[in-house]
Structure formats: structure tokens, C-alpha cells
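Please take a look at the chain shown here.

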Amino acid sequence: MLASFALLKDVSAWMDEHYRPDGYNVGWNCGAVGGQIAMHAHMHVIPRFRQEPYAGRGIRYWLKQPDNRWS
């Protein structure tokens, strides 16, 4: 866990220097249903910018949409 956090700090520092995002989404896809295609550990660091149409809405926004509900 500490190694993942250290890597996140390095990656976000690099992105801050080169792209200057206003925030980030960070996550792991686990299992096929969770979106994991390659069965190895990897972390997604997605830069976010305030001028994006969906700024301020995290990944859970998409999971809560009516089209994603099942009965």
C-alpha cells in the first residue's frame, strides 16, 4: 500500500508539472465485472479539469445513472 501511495505521489507530481489539472480520479478496476481486462495490478490516475462538462462529478456519478440500474 505504501508503494502504491508513493507511486501516486510521483505520478501526480509529474502531471501537476506537465498538465496542471485541478483534481484527479484515482482507482483500480478489480475483476472482469469491475472492468479489469488485464489480470495484474495497475492503478488509474485520471487528471480532471474544472472546464470539463462533468467536472465535480466522480466515477460514482456514472454508476448512479438510471441506465446502470438493474431490477
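The points below run from the overall fold to single residues.

This is a predicted model, in which local features need pLDDT of at least 70, side-chain atom pairs count only at pLDDT 80 or more, and totals for chains, interfaces and linings use all residues. Residues are numbered from 1 along each chain as its sequence is written, and side-chain values use heavy atoms, with hydrogens and water left out. The protein has 2 helices and 2 strands. Their order along the sequence is α-β-β-α. The structure holds 2 salt bridges.

**Fold and dimensions**

- Helices (H or I, at least four residues) and strands (E, at least two) are DSSP runs, numbered from the N terminus.
- Helix 1 covers 2-18 and strand 1 covers 23-27.
- Strand 2 covers 44-48 and helix 2 covers 59-63.
- The radius of gyration is 14 Å, whereas a compact globule of 71 residues would have one near 11 Å. This radius is taken over C-alpha atoms, and the globule rule is 2.2 Å times the number of residues to the power 0.38.
- The C-alpha trace spans about 45 × 35 × 20 Å along its principal axes.
- Of the contacts with a separation of 6 or more, 40% join residues 24 or more positions apart. Contact means heavy atoms within 4.5 Å.

**Surface and charge**

- Buried residues are 11% of the 71. Buried means under 20% relative accessible area, exposed means over 50%, and partly exposed is in between (1.4 Å probe, protein chains only).
- The accessible surface comes to about 6200 Å². Carbon and sulfur atoms hold 60% of that surface. The areas come from the Shrake-Rupley method with a 1.4 Å probe; for residues, only the protein chains shown count as cover.
- There are 8 positive and 6 negative side chains. Lys and Arg count as positive, Asp and Glu as negative, while His and the chain ends are not counted.
- The centres of the two charge sets lie 9 Å apart. Each charge is placed at NZ of Lys, CZ of Arg, CG of Asp or CD of Glu.

**Salt bridges**

- A salt bridge here is a side-chain nitrogen of Lys or Arg within 4 Å of a carboxyl oxygen of Asp or Glu.
- Asp22 pairs with Arg50, and their closest N and O atoms are 2.9 Å apart. Asp22 sits in the loop between helix 1 and strand 1, and Arg50 in the loop between strand 2 and helix 2, so this bridge ties together parts 28 residues apart in sequence.
- Asp22 is partly exposed, at 40% relative accessibility. Arg50 is exposed, at 63%.
- Glu52 and Arg48 form a salt bridge at 2.8 Å, N to O.
- Glu52 is partly exposed at 24% relative accessibility, whereas Arg48 is buried at 16%.

**Residues in and after helix 1**

- Leu8 lies in helix 1. Leaving out residues up to four places away in sequence, Leu8 touches Val26, Met43 and Val45.
- Leu8 and His44 are 36 residues apart in sequence, yet their C-alpha atoms are 9.4 Å apart.
- Ala6 is also found in helix 1. Ala6 is partly exposed, with a relative accessible area of 37%.
- Ala6 and Ile59 are 53 residues apart along the chain, with 23 Å between their C-alpha atoms.
- Arg20 is found in the loop between helix 1 and strand 1. Its phi is near 50°, a positive value in a residue other than glycine.
- Arg20 counts as exposed, at 61% relative accessibility.
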